[in-house]
Amino acid sequence: MAKERDDDIRIEHFDHAAGGWTSLREVAHALGEAHIPVRGTRVLLKQNKPDGFACVSCSWAKPAHPHPAEFCEHGAKATAWELTTARCTPEFFAQHTLAELEGWSDHDLEFQGRLTAPMRWDRATDKYVEASWEEAFADIGARLKAIAPRAAVFYTSGRASLETSYLYQLMARLHGTNNLPDSSNMCHESTSVGLPKSIGVPVGTVRLEDFEHCDAIFVIGHNVGTNSPRMLHSLEDARKRGVPLITFNPLREPGLVRFANPQNPLELFTTRDVEVSTQYHQIRAGGDLGVLTGLCKALVEMDDEARVLGRPGPLAHAFIAEHTQGYAPFAEHLRQVPWSEIERASGLGRVAIESAARVLGGAKRLIGIYGMGLTQHREGVLNVQMVANLLLLGGHFGRVGAGILPVRGHSNVQGQRTVGVTEKPELAPLDRLKSLYGFEPPREKGLTTVETCEGVIAGSVEAIVSLGGNLLRAVPDTLRVEPAWRRLPLTVQILTKLNRSAVVHGETAWLLPCLGRIEIDRQGGVAQAVSMEDSTGAMHGSRGQVEPASPNLRSEPAIVAGIARALLPPNPRVPWDEWVADYAKVRAEIAKAFPEIFHDFEARMWQPGGFHRPSPPRELEWKTETGKANFIVAPSLQEDDDMRFAGPDVLRLTTLRSFDQFNTTIYGDHDTFRGINGTRRVLMMNEADIARLGLHDGAMVRASTAADDFPRAVDALRVVPYEIPAGCVAGYFPELNPLVPLWHRAKGSKVPGYKSIPVRIQAM
Ligand SMILES: Nc1nc2c(c(=O)[nH]1)N[C@H]1C(S)=C(S)[C@@H](COP(=O)(O)OP(=O)(O)OC[C@H]3O[C@@H](n4cnc5c(=O)[nH]c(N)nc54)[C@H](O)[C@@H]3O)O[C@H]1N2
Ligand SMILES: Nc1nc2c(c(=O)[nH]1)N[C@H]1C(S)=C(S)[C@@H](COP(=O)(O)OP(=O)(O)OC[C@H]3O[C@@H](n4cnc5c(=O)[nH]c(N)nc54)[C@H](O)[C@@H]3O)O[C@H]1N2
Ligand SMILES: [Mo]
């Protein structure tokens, strides 16, 4: 993706089905662009198979009986991206100062290929220079020792295996800190905070087989076709059984409208498309509390009416009486909320909400699917709890074919939490760690990702070690965080590819290259396996398939152990070298720390379909304070900032992923489904807003945040007319992250409000 040129920009109306020929072409293109036409294709057949490797892209379930090609175009791209033949070597770094690389795009940095050697920043030349692993560990260990544990942060992006994650959290806690933020703090933390109060667990309750038994599905705030495409297999099968599917999303996402499966030969050669959504409701960005309240209200009203007529209504009264708490005040609150308020907040009419409620209310086995469109709001936690409320009304727990399904992001982000990567001391088994390893674990709450950024700005954070990820691009307020990041005494990036978080760096900076998951990880000559947890709470083994990109790479567990050895005093109960020599020994430790989940870990991890963590709500057990599932009232339907920063010129910006990226990894600039090609610097706008603001299709504009604490703006954005409600605009993550204030985050979970930023748009 070289420099953007006007004649390369193509905005088209996409009118094919999601999947189909486009996908196959994309796969071929992706593999070709990464220069691995043959090797990549063969490896793909091992993707998400019981004896293969867990895809490094999304976290969707890996079926026990996979399709012959259990991958999607995005998995193929992610694989190609990791197995590229391009190398970002010490010679590359000798040719470029970091000041120069700061001007490079996200795509161009990663496109240099795989990192091959440990590198240290040299102040005199402003270049990364090669160093030995032992030098790196010794220097990092010594510098971390000189910094107070509470000023050091150990960040993880959700890709690292269960084994690596366990070692990582143990290292941080042995060092004396719970500063273990992870990408989940920007993602599904609203789920982890919200669901325990509602249903007593921080994760979803749906398993893959539930799709075979459900009789209705709703999808709110998740873009399946782009971000968890293999789920389309299950959705398609359900749709073919006639199961209705209702979508609530501000944008009309072509991947949620129609679908043709490129791996189904019949559909490939016919033009018959399967319709994905049977009802599609374009709500306002941030209108979720409104629509979810409206749906619940409609169900309660329908039930009230049915009772008057002596007929059965849509509510599961026996379930509600036996298994829930707080129904009466919740129902009373719903009866009081005026429809006018619901209509204003949701952007939908009462008739539309009632027609959706009739379908959902008629279901005996309902699956509720959601993603970032719900969690990344000021009221992200309440949004999640409202989904739980809606499912509780119909008794959709403890029943095959029903439940709640938060679609997690990274391929092991859920698993990292499961094995103790968390800044919340109450979520880690500290007493067990204490008795296993004979130390006093820190009890003080650690920093979340957003708090880390605040600490970086305030100077109270002095060192950041990042196990994967690209914090400096993924966080909000990037223009405020970057200058402060440069003042950090120590930054350590453990990465596969070069990204901005390594190019912008602290006063001492290390870049440590690691093996990717698809590569064979040999310790003492023996190939090791690792494991991860998918979005349905199933644990899977994963084996590397190809030779490492460079002989000088180390595995993530080996790098963590290397730092730990240099940082921590020797502890006979923590034999880092022995553990790294055989990952089964790490799994044995995980099983000791979390026996309820990981007993017989080694034997069960290769089970086709994985093994599931126990799910109390599936057994109608409620691990909440009340011992029941709880209805939770949403006191207001509007977000406070929405009211604070209002006015006819204020629009709500939502930031999204394109078809051609994995988070901050930008494969290219083709947002195929949305028909936006050749540029990522766009604002999707409603035609009426375009006219009202005196703009036009293709106009160049500046977007600035409607807030008064700090000026935030992004220039040179191209206006693209799009099917999005008036008053809402959309654009891409991470280009628009400078517009998100750090304080604009979810109450309770602190997940940044990336999906409803108050902005003003002006012609340039
Ligand atoms: N190919 C690919 N796969 C991925 C990723 C990737 O970048 N690329 N990222 C991974 C990660 S880490 C994650 S967390 C997931 C993210 O996957 P998603 O949850 O799909 O995240 P987004 O693309 O940010 O947008 C979600 C959807 O929410 C809608 N939306 C926006 N604002 C609102 C709102 O206010 N309300 C509602 N109801 N909907 C709204 C958007 O239009 C969009 O369709 O995907 C994972 N999988
Ligand atoms: N505006 C806006 N901002 C957002 C979001 C949004 O919707 N809107 N979404 C948020 C969400 S949901 C998330 S999860 C975060 C994502 O935030 P992160 O997880 O921090 O970011 P990624 O872009 O996934 O990280 C990409 C980098 O990971 C490294 N990497 C890749 N594979 C490996 C590996 O196997 N090992 C190691 N050690 N490194 C590897 C590569 O060097 C690559 O450059 O962003 C958040 N930011
Ligand atoms: Mo995520």
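Modeller: In this predicted model, a polar side-chain atom of H410 sits 2.8 Å from an oxygen atom of ligand 2. That pair is a polar contact, meaning two N or O atoms within 3.5 Å; within protein, one must be able to donate a hydrogen and the other to accept it, and residues adjacent in sequence count only if both atoms are side-chain atoms. T496 places an N or O atom of its side chain 3.3 Å from a nitrogen atom of ligand 2. With G468 the backbone is involved: one of its polar backbone atoms is 3.4 Å from a nitrogen atom of ligand 2. On its own, ligand 2 has 930 Å² of accessible area, and the protein covers 97% of this (Shrake-Rupley method, 1.4 Å probe; for residues, only the protein chains shown count as cover).

Around ligand 2 there are 30 residues, of which E110, Y155, E556, T664 and N737 come nearest; a residue is near if one of its heavy atoms lies within 4 Å. By class, this shell has 10 nonpolar, 14 polar and six charged residues. Here Ala, Val, Leu, Ile, Met, Phe, Trp, Tyr, Cys and Pro count as nonpolar, Asp, Glu, Lys and Arg as charged, and the others, Gly among them, as polar.

Residues are numbered from 1 along each chain as its sequence is written, and chains are lettered from A and ligands numbered from 1 in the order in which they are written. Local features need pLDDT of at least 70 and side-chain atom pairs count only at pLDDT 80 or more, while totals for chains, interfaces and linings use all residues; side-chain values use heavy atoms, with hydrogens and water left out.
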